[in-house]
Structures are given as structure tokens and as C-alpha cells.
Amino acid sequence: MNTVQYAEEIINELQRSVSRIPVQEAEELAERIFRANRIFLAGAGRSGLMGRAFAMRLMHAGKEAYVVGETVTPGIAEGDLLILGSGSGETQSLITMANKAKVLGAGVAALTINPESTIGRLADDTVKLPGAAKDQAAGSGSTIQPMASLFEQTLLLFYDAVILRLMDRTGQTTTQMFGKHANLE
């Protein structure tokens, strides 16, 4: 295959992957995000990068959103929501965050390949995303892509879809959101 054919196959994989996201789980998480006082995002590696992108869009949508570990991130509290993106659901640092958030009275949401994982079991809301784990030994989606790329891409698409759902729910437009875009650059 040439590069464009690989890109076409990635799009095909993503289409199959997105079509298998449980609608009810997705809607419940979107509602939870809408109601949360503040939203905290975390993930390891590329999953964490997808969370950072989501935090930015949440801010554009008028939500108070933070990336765990940044110097300006406040403490989490009751009424807040911690969203964890983890393919395996077994990333130790994220398990620690989930436990601490629960102790402090915050909600926890997990986006994972494995809802029966430690993080999935700790979460109040779980959205099962198709994909393959880094080692590709488990998962609900076959892929030509290396490691957890399909999960990470599906995660980003899902996060963007949640933003569209929030825009729909609040009546916001792209123009309104652009007004919150960084302007010091």
C-alpha cells in the first residue's frame, strides 16, 4: 500500500470503531460533563495528549477544564469530574488519581478498551471504546496500526463528538467558541 492507501484504511478502521461506541454510555458521559462544576483530564502518553486537546475544547465551550499535573491545575473537589483515557485501564498513576478523586467526592469517568479493568471498575461512568491495546494482545478491534493508535484516534474523535453534543445542548456556535481562543500568539 502507498501512504494515501494507508490513510484510507485508517479512516475505514475509525469508521468501524466509532460505529461500535455504546450510544447510551456516550450520552451519559456527555450529560455528566454538562453538569460537572469543573472537569479534569488525565491519560498517559498519547491518550493524555488527546485529553489535553479535549480540555482545550472544553474551555472554548465555556467549561472550566484542567489537565492533571499542570502548574495551574487546582485541587479536585465534590461536584467535579475526572476523566481518564486509558486503553488498558490499568495505568497505575491513573488508578491512583481515580482513587484520590473518589475520596475527595469527585466523579470519575473512564474511556477505555476494557471496562472491567481497575479504572473501569472505579469509574462512575465508563465508555467502552473499541481499539487495540499497546501490545495488541487484547481489544475489540483489529487494526493495521501500531500499538494503541486506533484507540487513541477513536478517543480524540469521541472527545470532539462530545464537544459537538455540548454545543448543541447549549446553542453555542463555532464563532462564539472562537471568541475564547488564545489571542496572545
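Reader: In this predicted model, over how many bridges do strand β1 and strand β3 pair?

Author: The model is a predicted one. Strand β1 covers residues 39-43 and strand β3 covers residues 81-85.

Reader: How many bridges join β1 to β2, and which residue of β2 is the bridge partner of I39?

Author: Strands β1 and β2 run parallel and are joined by 3 bridges. Within this pairing, the partner of I39 in β2 is A65.

Reader: In what order do the strands of the open sheet stand, and which strands are at its edges?

Author: The open sheet is formed by 5 strands with parallel pairing, in the order β2-β1-β3-β4-β5. An edge strand pairs on one side only, and this applies to β2 (65-67) and β5 (125-128). Direction ignored, neighbouring strands of the sheet are turned against each other by 20 degrees on average. The order is therefore β2-β1-β3-β4-β5, with the edges at β2 and β5.

Reader: Is β1 mostly covered or mostly uncovered, and which helix lies across β1, β2 and β3?

Author: Buried means under 20% relative accessible area, and 4 of the 5 residues of β1 are buried, so the strand is mostly covered. The helix lying across β1, β2 and β3 comprises residues 45-60 and runs at about 160 degrees to β1. This helix is α3.

Reader: What angle does the direction of helix α4 make with that of β3?

Author: Helix α4, residues 92-103, packs on the sheet. It touches β1, β3 and β4 (107-112). Its direction makes an angle with that of β3 of about 165 degrees.

Reader: Why does A101 count as buried, and which residues does A101 touch?

Author: A101 is found in helix α4. Its relative accessible area is 1%, so A101 is buried. The C-alpha atoms of A101 and L82 are separated by 7.1 Å, although the two residues are 19 residues apart along the chain. Not counting residues up to four places away in sequence, A101 touches I76, L82, A106 and V108.

Reader: At what angle do helix α1 and helix α6 pack, and how far apart are their axes?

Author: Two packed helices are described by the angle between their axes and the distance between the axes. Helix α1 comprises residues 3-18 and helix α6 residues 149-170. Their crossing is right-handed. The angle is about 65 degrees, and the axes are 10 Å apart.

Reader: Which residues make the contact of α1 with α6, and how do they divide into nonpolar, polar and charged?

Author: From α1, the contact is made by I10, E13, L14, S17 and V18. From α6, it is made by L150, Q153, T154 and L157. The residues of this contact divide into 5 nonpolar, 3 polar and 1 charged.

Reader: Is S17 buried or exposed, and which residues does S17 touch?

Author: S17 is found in helix α1. At 2% relative accessibility, S17 counts as buried. Not counting residues up to four places away in sequence, S17 touches P130, L150 and T154.

Reader: Why is the pair of F54 and Y159 stacked, and how many residues apart in sequence are the parts that the pair ties together?

Author: The structure holds 2 aromatic pairs. The rings of F54 and Y159 have their centres 4.2 Å apart and their planes at 5 degrees, so this pair is stacked. F54 is buried at 2% relative accessibility, and Y159 is buried with a relative accessible area of 1%. F54 lies in helix α3 and Y159 in helix α6, so the parts tied together are apart in sequence by 105 residues.

Conventions:
Residues numbered from 1 in each chain as written. Predicted model: local features only at pLDDT ≥ 70, side-chain atom pairs only at ≥ 80, totals over all residues. Heavy atoms only, no water. Pairing = 2+ DSSP bridges. Helix = DSSP H or I, 4+ residues; strand = E, 2+ residues; numbered from the N terminus. Axes fitted to C-alpha atoms, helices over the stretch in contact; angles between N-to-C directions. Contact = heavy atoms within 4.5 Å. Left-handed = near helix turned anticlockwise from the far one by under 90°. Nonpolar A, V, L, I, M, F, W, Y, C, P; charged D, E, K, R; others polar. Phe/Tyr/Trp six-rings, centres within 6.5 Å; stacked < 30°, edge-to-face > 60°. Buried < 20%, exposed > 50% of the residue type's maximum accessible area, 1.4 Å probe, protein only.
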